[in-house]
Amino acid sequence: MKNVLYTALAIAFCLGLGKLVNHFIAGLPASLYGMIFYCLLLQLGWLSPNKVAHANQWIIKHMGICFIPAAVGVINHYELIKHHGFTIVISIVFTTFILLTFVGMVAERYLATSNDKSIEGSN
Amino acid sequence: MLVEWLNISSITAANIASTLSLSLLTLLLYQAAAYLQQKWQFIWLNPMILTILVLIPFLLYNQINYQSYRQATQFIHALLEPATVALGFPLYQQLKTIRRYWQQLISLLALGVIIVITLSFSITMLLIHQPDIAISLSLKSVTTPIGIALTEQLSGDSSITPFAIMIAGFSGALLGPSWLRFINIRSKIATGLSIGAASHVIGSIILTRQDPSAGAYSSVALILSAVLTAFIIPILIPFLMMFFT
């Protein structure tokens, strides 16, 4: 319970910091600034990874519920889906496979070999 | 009886009862859907999709418009911000892996992000001519909380983004591994990184079941791609927009 409070306060603090930065530099959404601060404070050891681990996992496991209010908005897009639904799905699948192919081929060419070497080297 | 009670409260929209009942209904439906998925372990039994499949007919039947639903469930949406901050923890956990070859990883994934945003945005603008939809679709390879946050920041349509993300996730997760084998990509690092970059959490979960070490690479790619997208997209979209106005 103490750790839950600790995690909640840590996240609230980072989000507050994120909002502050977002107020002055509008580059990223406040929550993303918050995420980077949270990661940074964990890395610097100012926040204890062990204390947040459990509650944090719970949050990530259940965060899906937060998407529902936005996603229900699709209710207003009947026309769009009727006219362009097929096009949209095809273009999403097409670009997904382009990305898969690009990252896969480059990683296979440049990272896989050096990685394999490092495995051989370590053995 | 619960339905009747919800019915009555929906007539007097925007009062406290409807706020509570709609939020409670959303919570209950989601919990039930998550329970079903846990019980049967089917990845395609997605809790978000299941919840929406029940919620939308319910809202239509009771003639509750989206604005009142959105207002009633505002606090659930507001939780998205702290939940996104919580993603800093997996990012912190991946830092060690990233540090080994961060330059290669960042340049590869940044290039991937630029390619996929440019392609998705341009294709959508050419075929559908709606900037808000194009922004949503260009965020389809990002994990959902960050995708929604970025959509709202760029005034995209945040109701399309979760579905686009879902389609990218399932298509790449289910067909991606066979496609990669077909084009002769076999190393764990290449498979993991590409599935994580293209199909985020859904891809990562499915890949981890098949091969945990490839799955670990996909978690790296998904979190790093999301952060890179956050930095790249606010510059890239206004630039691309110039070609379509």
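Contact, throughout this presentation, means heavy atoms within 4.5 Å. With that settled, I turn to the model. It is a predicted one, in which local features need pLDDT of at least 70 and side-chain atom pairs count only at pLDDT 80 or more, whereas totals for chains, interfaces and linings use all residues. Residues are numbered from 1 along each chain as its sequence is written, chains are lettered from A and ligands numbered from 1 in the order in which they are written, and side-chain values use heavy atoms, with hydrogens and water left out.

I begin with a single residue. T51(B) sits in helix 3 of chain B; helices here are DSSP runs of H or I with at least four residues, strands are runs of E with at least two, and both are numbered from the N terminus. Setting aside residues up to four places away in sequence, T51(B) touches I68(A) as well as T26(B), L29(B), Y30(B) and A33(B). Is T51(B) buried or exposed? Its relative accessibility is 1%, so T51(B) counts as buried. The cut-offs are under 20% relative accessible area for buried, over 50% for exposed, and partly exposed in between, with a 1.4 Å probe and protein chains only.

T144(B) belongs to helix 10 of chain B and is buried, at 10% relative accessibility. Beyond its neighbours within four places in sequence, T144(B) contacts F67(A), P162(B) and I165(B).

Next, the division of chain A. Domain 1 covers 1-62 and domain 2 covers 74-123, the bounds coming from an automatic or database domain assignment. Taken over C-alpha atoms, the centres of these two domains of chain A are 29 Å apart.

Let me move to the nonpolar core. Such a core is a set of buried Ala, Val, Leu, Ile, Met, Phe, Trp, Tyr and Cys residues joined through side-chain atoms within 4.5 Å. The largest one has 112 residues, and those with the most contacts inside it are Y38(A), V72(A), L59(B), Y69(B), I117(B), I146(B) and L193(B). Helix 13 of chain B provides the largest share of this core, 15 residues. Y38(A) has contacts in both chains: among them are T7(A), I11(A) and N56(A), and also V85(B), G88(B) and F89(B), not counting residues up to four places away in sequence.

The search uses a 1 Å grid over the protein atoms alone: a cavity is a set of points where a 1.4 Å probe fits but cannot get out, a pocket is an open set with protein on both sides within 12 Å along at least five of seven lines, and lining residues have an atom within 4 Å of a point. Grid points are joined across faces, edges and corners, and a volume is the space filled by probe spheres set on the points.

The largest pocket has a volume of about 1,500 Å³. It is lined by 40 residues, the closest to its centre being I60(A), K61(A), H62(A), V201(B) and I205(B). Which element contributes the largest share of that lining? Helix 12 of chain B does, with seven residues. By class, 21 of the lining residues are nonpolar, 17 polar and two charged; Ala, Val, Leu, Ile, Met, Phe, Trp, Tyr, Cys and Pro count as nonpolar, Asp, Glu, Lys and Arg as charged, and the others, Gly among them, as polar.

The second largest pocket holds about 500 Å³. Its lining has 21 residues, with W58(A), I59(A), H62(A), L79(B) and A83(B) nearest the centre. Of this lining, 17 residues are nonpolar, four are polar and none is charged.

As for cavities, the whole structure contains two of 30 Å³ or more.

I close with backbone geometry. Most residues other than glycine have a negative phi. Q63(B), not a glycine, has a positive phi of about 50°; it lies in the loop between helix 3 and helix 4 of chain B and is exposed, at 74% relative accessibility. H200(B) also has a positive phi, near 35°, but is found in helix 12 of chain B and is buried, with a relative accessible area of 2%.
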